[in-house]
There are 2 protein chains.
Amino acid sequence: MQYFPAALDRLTEQFARLPGIGTKSAQRLALYMLSLPPEEAEAFANAILEAKRTVTCCTVCRNLTDGELCPICRNPKRDPSVVCVVADPKDVAAIERTKEYRGRYHVLHGVISPMNHVGPDDLQIKSLLERVAAGGVDEVIMATNPDTEGEATAMYLSRLLRPFGVKVTRLAYGIPVGSHLEYADEATLLRALEGRRDM
Amino acid sequence: MQYFPAALDRLTEQFARLPGIGTKSAQRLALYMLSLPPEEAEAFANAILEAKRTVTCCTVCRNLTDGELCPICRNPKRDPSVVCVVADPKDVAAIERTKEYRGRYHVLHGVISPMNHVGPDDLQIKSLLERVAAGGVDEVIMATNPDTEGEATAMYLSRLLRPFGVKVTRLAYGIPVGSHLEYADEATLLRALEGRRDM
């Protein structure tokens, strides 16, 4: 790409490092950025710097926050005796969208993944154990993704939590609402059968 | 998205404004940016600011450059008597990749598009006419995209250029190399037939 100024190539490289952005998209985004009025491009750069500067992890649940505690840990109406363990801040947002869960969270910031060199010490597991050890927690809900790594992480955590005598539960597996039986895979159908309930 | 800090939401909004980035992708990118080490996030922001500060348009051909003239206009080996008119800096890069074209360029920065309120005055047309009027140009090659707006812009320009007595040509239409006849659309096949050559 020696046809473009070096600063543009550098910006393209930066965009290409983002997940899901290929070289062609990165070039398109870099050219788009150049086509913006200077103050809008500056606003973009400042949004990055400001987010990086102000956003930290909640000291209790490790969710993202711009204070010491996240809005959920700050909220006295949220039940501190139920802790939902998720892999990622995105998952907190997903569960919050149900508008039904009234407990608190604990964000692991990843799952155990030997393939990607992520071990238990790279995750917010110690902080979870300390939180449970401090008392006041009756139930820990495992809400990691239903894939191999999410499962393994949930299994690992449930074993670690057993000595504390808290109830450890797992999100239910089954047919997604609104889907069709014929398109469900065997593993999901099997779990749905196993988890059947009285009507 | 009231589950995230305001600064994160603002960064998500900035990403969502980029072309081809939806709300979900924007959130993923913003969270990724937060997961980067501070110096890498800063490097990203600085790449935007630096590109915006240093990249300008070549005073002759309006291609992107970090000097007064772009590398192509600066190169004495490039034939100044042939000017290839393209809509976008991306198209310069595309033609340069052929490694065969030895003339110069003129970048319009868009095409005439009444639907998007882009008229001739919003494009680098005046600078093209001034360049041709100054003399030394024998041929102008229209290399706008072969769609309605690109065609209309090329047609409009060729009419404006007629009084100057320069040769105005158009990129050939036809079957793309390596493609299959059965997948070619009728318009392309018709143009390929019309443009057939002796073997």
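**Exercise 1. State which residue A:V82 stands opposite, and place it in its strand pair.**

Solution. A:V82 stands opposite A:E139 in β5(A). The strand β3 (residues 79-86) of chain A pairs with β5 (residues 139-142) of chain A in the parallel sense, over 4 bridges. Strands are DSSP runs of E with at least two residues, helices are runs of H or I with at least four, and both are numbered from the N terminus. Two strands pair if DSSP finds at least two bridges between them.

This is a predicted model, in which local features need pLDDT of at least 70 and side-chain atom pairs count only at pLDDT 80 or more, while totals for chains, interfaces and linings use all residues. Residues are numbered from 1 along each chain as its sequence is written, chains are lettered from A and ligands numbered from 1 in the order in which they are written, and side-chain values use heavy atoms, without hydrogens and water.

**Exercise 2. Give the strand order of the sheet and find its edges.**

Solution. The open sheet has 4 strands in the order β4-β3-β5-β6 (chain A), with parallel pairing. β4 (103-107) and β6 (167-170) of chain A each have a single partner strand, so one side of each is left without a neighbour in the sheet. On average, neighbouring strands of this sheet are turned by 25 degrees against each other, direction ignored.

**Exercise 3. Identify two helices that lie on these strands.**

Solution. Helix α6 (residues 126-133) of chain A packs on the sheet and touches β3, β4 and β5 of chain A, where contact means heavy atoms within 4.5 Å. The direction of α6 makes about 145 degrees with that of β4(A). Helix α7 (residues 148-161) of chain A lies across β3, β5 and β6 of chain A, at about 165 degrees to β5(A). Axes are lines fitted to C-alpha atoms, for helices over the stretch in contact, and angles run from 0 to 180 degrees between N-to-C directions.

**Exercise 4. Locate the span that UniProt annotates.**

Solution. The unreviewed UniProt entry carries the annotation "domain: Toprim" for residues 81-176 of chain A. UniProt positions are given in the numbering used here, feature names are shortened, and annotations may be inferred rather than shown by experiment. The end C-alpha atoms of residues 81-176 of chain A lie 28 Å apart. This span is 31% helix and 20% strand.
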